[in-house]
Amino acid sequence: QVGAGNRMSQVLSHMQSILARMKYGPQSVICTNEFATALSLENDEMQDPNEFARLLFDRMQESFRKSSDYRLENLLPSIFRGTSAYVTKC
């Protein structure tokens with residue numbers, strides 16, 4: 001349980017750092033390797049925004065389920081209500 005919470009803390013910390021560097025940093029390019037590693041992503045895989053959001057929310061929900069704080073279990077469903085569909089058309 002502690003490991004899952006610690007992992008999600010690392011993910012969110014890396015995400016916060018990336019967003020801060022994007023907004024306030026002088027660089028036009030930002031390395032996201034640490035963030036990708038924290039999410040268990042391959043650095044050479046391309047993610048579209050929908051796939052990334054789904055992956056991030058799935059990983060967050062997995063972590064919340066393992067948490068001892070029962071309030072986290074329904075956090076994402078309470079914020080993002082409704083249904084979503086992931087459809088690929090050729």
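Here are a few questions and answers about the core and surface of this predicted model.

The model is predicted, so local features need pLDDT of at least 70 and side-chain atom pairs count only at pLDDT 80 or more, while totals for chains, interfaces and linings use all residues. Residues are numbered from 1 along each chain as its sequence is written, and side-chain values use heavy atoms, with hydrogens and water left out.

Reader: Is glutamine 61 buried or exposed?
Author: Glutamine 61 sits in helix α3 and is in contact (heavy atoms within 4.5 Å) with Glu73, Leu76 and Pro77, leaving aside neighbours within four places in sequence. Buried means under 20% relative accessible area, exposed over 50%, partly exposed in between (1.4 Å probe, protein chains only). Its relative accessibility is 11%, so glutamine 61 counts as buried.

Reader: And what does phenylalanine 57 count as?
Author: Phenylalanine 57 is also a residue of helix α3. Its relative accessibility is 32%, so phenylalanine 57 counts as partly exposed.

Reader: Which residues does methionine 60 touch?
Author: Methionine 60 is among the residues with the most contacts inside the largest core. Not counting residues up to four places away in sequence, methionine 60 touches Met8 and Leu76.

How values were computed:
Core = buried A, V, L, I, M, F, W, Y, C linked by side-chain atoms within 4.5 Å. Helix = DSSP H or I, 4+ residues; strand = E, 2+ residues; numbered from the N terminus.
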